[in-house]
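These notes are meant to be read beside the model, point by point.

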Amino acid sequence: MDDIDPVEQALHAARALVLADLVAREVAQAEVVSVVEDAVTHRRWWVEQWPEGVAYVAGLVAQDVQDALLERYGRWPLCPVCAAGDPHALDVEPELGPDPHWVCGKQGVVVAPVGGLT
C-alpha cells in the first residue's frame with residue numbers, strides 16, 4: 001500500500017476545512033470554490049519549497065481565501081460576536097502556526113477552529 005504524501009494530505013485537509021466554513025456561511029458558489037482551488041495550488045508550491053510548513057497550510061489557505069474574497073466580494077467570514085458597530089471579518093490565528101482558529105480580533109474571542117464555523 002502506498003503511503004499518502006503528507007503535503008497532499010495537508011492540502012486536501014485544508015481544502016476541506018475551508019470549504020466547510022464556506023458552506024456553513026452559505027457562500028460556497030462555484031466562483032468561490034475556484035478561489036479555494038487557486039489558494040490550494042499556490043500553497044502547494046509554497047509547502048513544496050518549505051516542507052516544514054506543512055502544519056501551517058490550513059491557516060494559510062484560509063487566509064488566502066479570505067484575502068481573495070475581500071478583493072472580489074467583501075469581508076468573510078463576518079464576526080458573529082460583535083452585534084453592534086460596523087461588520088468586520090474574523091481573523092485567523094495564529095497567522096503562521098498549527099491548529100488555526102477564527103478569532104474576533106476586537107473582542108479577542110475564539111469563535112471556531114478553521115473548518116468549524118456554523
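1. Pro98 sits in the loop between strand 1 and strand 2, where helices (H or I, at least four residues) and strands (E, at least two) are DSSP runs, numbered from the N terminus. With a relative accessibility of 47%, Pro98 counts as partly exposed; on this scale buried means under 20% relative accessible area, exposed over 50%, and partly exposed in between, with a 1.4 Å probe and protein chains only. Apart from neighbours within four places in sequence, Pro98 is in contact with Ala55 and Tyr56, contact meaning heavy atoms within 4.5 Å. The C-alpha atoms of Pro98 and Gly53 are separated by 9.0 Å, although the two residues are 45 apart along the chain.

2. A word on the basis of these values: this is a predicted model, in which local features need pLDDT of at least 70 and side-chain atom pairs count only at pLDDT 80 or more, while totals for chains, interfaces and linings use all residues. Residues are numbered from 1 along each chain as its sequence is written, and side-chain values use heavy atoms, with hydrogens and water left out.

3. A cis peptide bond with omega of about -5 degrees joins Glu93 and Pro94, and Pro94 lies in the loop between strand 1 and strand 2. Asp99 is found in that loop as well; its phi is near 55 degrees, a positive value in a residue other than glycine, and Asp99 is exposed, with a relative accessible area of 55%.

4. Trp76 and Pro77 are joined by a cis peptide bond with omega of about -15 degrees, and Pro77 has its place in the loop between helix 3 and strand 1. Glu26, in the loop between helix 1 and helix 2, has a positive phi of about 55 degrees although it is not a glycine, and at 69% relative accessibility Glu26 counts as exposed. As background, most residues other than glycine have a negative phi, and most peptide bonds are trans.

5. The strands form an open sheet of three, in the order 1-2-3 and with antiparallel pairing. Strand 1 and strand 3 stand at the edges with a single partner strand each, so one side of each is left without a neighbour in the sheet. Neighbouring strands are turned by 40 degrees against each other on average, direction ignored; axes here are lines fitted to C-alpha atoms, for helices over the stretch in contact, and angles run from 0 to 180 degrees between N-to-C directions.

6. Two strands pair if DSSP finds at least two bridges between them. Strand 1 (residues 91–93) and strand 2 pair over three bridges, and the bridge partner of Asp91 in strand 2 is Val103. Strand 2 is joined to strand 3 (residues 109–113) by four bridges, with Ala112 as the bridge partner of Trp102. The hairpin of strand 2 and strand 3 has four residues between the strands, and there Gly108 takes a positive phi near 70 degrees.

7. Which residues of strand 2 (residues 101–104) are buried on its two faces? His101 and Val103 are buried on one side and Trp102 and Cys104 on the other, and both faces are covered. Helix 3 (residues 57–72) lies across strand 1 and strand 2 and runs at about 165 degrees to strand 1.

8. Helix 2 and helix 3 pack with their axes 9 Å apart at an angle of about 135 degrees. That makes helix 2 oblique to helix 3, given that angles under 35 degrees count as roughly parallel, over 145 as roughly antiparallel, 65 to 115 as roughly perpendicular and the rest as oblique. The residues that meet include Val36, Ala39 and Trp46 in helix 2 and Leu60, Val61 and Ala68 in helix 3.

9. The axes of helix 1 (residues 6–24) and helix 2 (residues 30–49) come within 10 Å and cross at roughly 155 degrees, and the two helices are therefore roughly antiparallel to each other. Their contact involves, among others, Leu11, Val18 and Leu22 of helix 1 and Val33, Val36 and Val40 of helix 2.
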